[in-house]
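Here is a structure to work through by question and answer. Each reply ends on the value or name that was asked for.

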Amino acid sequence: MNKAKYIGITASLLILLGVVFYGYMGGFQDVVVNRESFGPTEIYYTTHKGPYKDIGASWGSFQKEWEMLGITNCDSLAIYLDAPDTEPSKLRSILGCRLEGFTPEQKKQISGKFHTFSIPKMNGISASFPFKNFLSYFLAPTKVYPKFQEILAAESSQTSVAIEVYGGSSESVDSIGFFMPVGVSREMFRSLEEAFH
């Protein structure tokens, strides 16, 4: 077998494997957008400023802090305050855990350590994307947000933030949830913006 043929076969196999893996990750799956409401829910949170690729380190630090309080599970979500085309160093993200399920005493202890925020009930658009591994956190937004933007542009609708719901940290999670409120004033999230000052 000559070298060119060997290289061609190897390249073809790599491409095939890449296509199969992309399909496994949900890359060929159609994103279905629904009209739903989100909230109300209360969260405790930390902030992350900077590129999304560095969020993992902020989550790790946040987790260490709530584990020090004896908390063993975080029903997690993130609120993204800035458009993806914002300069990476200026991107602001809220990394949070829901407060539901805690006793009043535990809530008081958590509130003494972290900022809290009450997300009101909001109507908007939602979608979900399969979670396979950590790469899903990077692939899912590239599939979901363009679909959201198509709908918002077609309807001339305005949104204020993006919310991603990841689920419990101590449970098996099979999907990532996405939500964008429609017709909700940015003013509602002012205290989250102020947390960065």
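The questions below concern a predicted model.

Q: How many disulfides does a search of the whole structure find, and which cysteines form the bond?
A: A disulfide requires two cysteine sulfur atoms within 2.5 Å. The sulfur atoms of cysteine 74 and cysteine 97 are 2.0 Å apart. The search of the whole structure finds one disulfide, formed by cysteine 74 and cysteine 97.

Q: Which parts of the chain does the pair of cysteine 74 and cysteine 97 tie together, and how many residues apart are they in sequence?
A: Cysteine 74 sits in the loop between α2 (55-67) and β3 (75-80). Cysteine 97 belongs to strand β4 (residues 92-98). The pair therefore ties that loop to β4, parts whose separation in sequence is 23 residues.

Q: Is the disulfide of cysteine 74 and cysteine 97 left-handed or right-handed?
A: The handedness follows from the torsion about the S-S bond. For cysteine 74 and cysteine 97 that torsion is about -100°, so the disulfide is left-handed.

Q: Is cysteine 74 buried or exposed, and what of cysteine 97?
A: Buried means under 20% relative accessible area. Cysteine 74 has a value of 2%, and cysteine 97 has 0%. Cysteine 74 is therefore buried, and cysteine 97 is likewise buried.

Q: What span should helix α4 have, and what is the distance between its end C-alpha atoms?
A: Helix α4 covers residues 136-155, which is 20 residues. At 1.5 Å a residue, the helix should span 28 Å. This agrees with the distance between its end C-alpha atoms, 29 Å.

Q: Which residues of α4 are buried?
A: An α-helix has 3.6 residues a turn, so residues three or four places apart point the same way. The buried positions of α4 are Ser136, Leu139, Ala140, Pro141, Val144, Tyr145, Phe148, Ile151 and Leu152.

Q: Which residue follows α4, and what is its phi?
A: Serine 156 comes after the helix. Its phi is positive, near 55°.

Q: How many salt bridges are there, and what is the distance between the closest N and O atoms of arginine 35 and glutamate 155?
A: A salt bridge needs a side-chain nitrogen of Lys or Arg within 4 Å of a carboxyl oxygen of Asp or Glu. By this rule there are eight salt bridges. One of them joins arginine 35 and glutamate 155, whose closest N and O atoms are separated by 2.3 Å.

Q: Which elements hold arginine 35 and glutamate 155, and how many residues apart are the parts they tie together?
A: Arginine 35 lies in strand β1 (residues 34-38), while glutamate 155 is in helix α4. The bridge therefore ties β1 to α4, and the separation in sequence is 120 residues.

Q: Which strands does the salt bridge of arginine 98 and aspartate 75 tie together?
A: The side chains of arginine 98 and aspartate 75 meet at 3.5 Å, N to O.

Q: Which residues do salt bridges with shared partners join into one network?
A: Lysine 90 and glutamate 87 form a salt bridge at 4.0 Å, N to O. Salt bridges that share partners make one network of Asp82, Arg92, Arg186 and Glu193.

Q: What is the volume of the largest pocket?
A: The lining of this pocket divides into 21 nonpolar, 11 polar and five charged residues. The volume of the largest pocket is about 930 Å³.

Q: Of the 37 residues that line the largest pocket, which are the closest to its centre?
A: The 37 lining residues include a group closest to the centre. That group is Ile55, Tyr80, Tyr137, Glu164 and Tyr166.

Q: Which element supplies the largest share of the lining of the largest pocket?
A: At least two lining residues come from each of α2, β3, α4, β7 (162-168) and β8 (175-181). The largest share is six residues, and the element that supplies it is α4.

Methods:
Residues numbered from 1 in each chain as written. Predicted model: local features only at pLDDT ≥ 70, side-chain atom pairs only at ≥ 80, totals over all residues. Heavy atoms only, no water. Helix = DSSP H or I, 4+ residues; strand = E, 2+ residues; numbered from the N terminus. Buried < 20%, exposed > 50% of the residue type's maximum accessible area, 1.4 Å probe, protein only. Expected span 1.5 Å × (residues − 1). 1 Å grid on protein atoms, 1.4 Å probe; cavity = no way out; pocket = protein on both sides within 12 Å on 5 of 7 lines; lining within 4 Å. Points joined across faces, edges and corners; volume = space filled by probe spheres on them. Nonpolar A, V, L, I, M, F, W, Y, C, P; charged D, E, K, R; others polar.
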